[in-house]
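Q: I have a structure open and would like to go through it with you. Can we take it piece by piece?

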Amino acid sequence: MFTGVSGSGKSSLAFGTIAAESQRLIKESYPAFIQSLLPRYGQPDVDSLDNLTAAIVVDQQPMGGNARSTVGTATDAHTLLRLIYSRVGKPAAGGPKAFSFNDPQGMCPGCEGLGQASNIDLDALLDRSKSLNEGAILFPAFAPDTTNWNIFISSGFFDNDKPLKKYTEDELDKLLNLKDVKVKTTAGGKAWNMSYEGLLPRFKRLYVSKGVAQLKPYLREAFEKVVRTGPCSDCGGTRLGKEALDCRIDGVNIAECTAMEVWALADFVKSIDEFTVAPVTAALAAKLENLVHIGLGYLSLD
């Protein structure tokens, strides 16, 4: 056991020295070809390390993911649950993809599988008394001299010195809503074909779809001023379409399963008495019980 104040070198000693030397010694016992496939560990700067056993390193690192990642997707438990519902759920909703909020077949069309509906406050996003050149778009990533800003002023659609409050309906619609179109512009003395996208679809694609947690810190405060989020009214925050929500096993749909605490879901899965999915229910129950065993039974898959 190592104890000490923060920064005293506990992790470096445990992971970078002792565990690394243990793994290096084990690696030396393998054939050269196997060694070439394994990570390389340098010999630590110590006088001696004796009687080392095999080291198992349990470390903490942020999980890679995005707004669509859940406990269920990270552990693959949701994959097994979708397979069960696609085979024995009634009324049938289709294959496993029909129960996935990350697939167009299963996601709620209202929120595109995010479970949250986002409303953009245009008064917080725009200063209509200013022109594009004056910084009428208030979100920092669209400020003058940014790449996003340059797309609008180079599009040829606008008088870049004209205040937004003087825009015609057509100009305002092009600024806010125009979908992906090709325009020609000139930069550096050369003509370029460029994709133009209105402010709202571009803002939703680049920032709303990722969620505030995935944004760089300097954008988060501005994002929270512009975007108001809440549970999607179409799916109630479940992320799924109507067909998936209507499909049930013993009166329970898949969204209700993912909302259960893991220990309760394990009991439910073990109660599914259907031989056609017996191997899948056994595998899912084992995966859930492992989560309970390591102290994570209070989590839910969603």
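Q: Where is Asn150 found?
A: Asn150 is in helix α6. One thing to keep in mind throughout is that this is a predicted model.

Q: OK, zooming out. How many helices and strands does the chain have?
A: The chain has 13 helices and six strands. Its radius of gyration is 27 Å, well over the 19 Å that the globule rule gives for 302 residues, so the chain is more spread out than a compact globule.

Q: What does the C-alpha trace span along its principal axes?
A: The spans are about 80 × 65 × 40 Å.

Q: How much of the chain counts as buried?
A: Of the 302 residues, 37% count as buried. The accessible surface comes to about 18000 Å², and 52% of that surface belongs to carbon and sulfur atoms.

Q: What about contacts between residues at least 6 apart in sequence: what share joins residues at least 24 apart?
A: That share is 61%.

Q: New topic, aromatic rings. How many aromatic pairs are there in the whole structure?
A: A search of the whole structure gives 14. One of them is Phe158 with Tyr196, a tilted pair with 6.3 Å from centre to centre and 55° between the planes.

Q: Where in the chain do Phe158 and Tyr196 sit?
A: Phe158 is in the loop between α6 (147–153) and α7 (169–176), and Tyr196 is in strand β3 (residues 190–196). They are 38 residues apart, so the pair links distant parts of the chain.

Q: Buried or exposed, those two?
A: Both Phe158 and Tyr196 are buried.

Q: What about Phe203 and Tyr207, why is that pair called tilted?
A: Their ring centres are 5.6 Å apart and their planes are at 45°, so the pair is tilted.

Q: Why do Phe203 and Tyr207 count as buried?
A: Phe203 has a relative accessible area of 0%, and Tyr207 is at 11%. Buried means under 20%, so both qualify.

Q: Which residues do the ring pairs link into a cluster?
A: The cluster consists of Phe139, Phe142, Phe152, Phe157, Phe158, Tyr167, Tyr196, Phe203, Tyr207 and Phe223.

Q: Now the surface. Which residues make the nonpolar patch?
A: Ile26, Tyr30, Phe33, Ile34, Leu37 and Leu38 make a nonpolar surface patch of about 550 Å². Helix α2 (residues 32–37) gives the most to this patch, with three residues.

Q: Where is Tyr30 found, then?
A: Tyr30 is in the loop between α1 (10–28) and α2. At 38% relative accessibility, Tyr30 counts as partly exposed.

Q: Last one, Arg24. Buried or exposed?
A: Arg24 is buried, with a relative accessible area of 11%. Arg24 is found in helix α1.

Q: What is Arg24 in contact with, leaving aside its neighbours within four places in sequence?
A: Arg24 is then in contact with Tyr41, Gly42, Gln43 and Pro44.

Technical notes. Residues are numbered from 1 along each chain as its sequence is written. This is a predicted model: local features need pLDDT of at least 70, side-chain atom pairs count only at pLDDT 80 or more; totals for chains, interfaces and linings use all residues. Side-chain values use heavy atoms; hydrogens and water are left out. Patches are made of residues with over 30% relative accessible area and no salt bridge: like charges are joined within 9 Å, nonpolar side chains (Val, Leu, Ile, Met, Phe, Trp, Tyr) within 5 Å. Accessible areas come from the Shrake-Rupley method with a 1.4 Å probe; for residues, only the protein chains shown count as cover. A salt bridge is a side-chain nitrogen of Lys or Arg within 4 Å of a carboxyl oxygen of Asp or Glu. Helices (H or I, at least four residues) and strands (E, at least two) are DSSP runs, numbered from the N terminus. Buried means under 20% relative accessible area, exposed over 50%, partly exposed in between (1.4 Å probe, protein chains only). The radius of gyration is taken over C-alpha atoms; the globule rule is 2.2 Å times the number of residues to the power 0.38. Contact means heavy atoms within 4.5 Å. Rings of Phe, Tyr and Trp (its six-membered ring) pair if their centres lie within 6.5 Å; planes under 30 degrees apart count as stacked, over 60 as edge-to-face and the rest as tilted.
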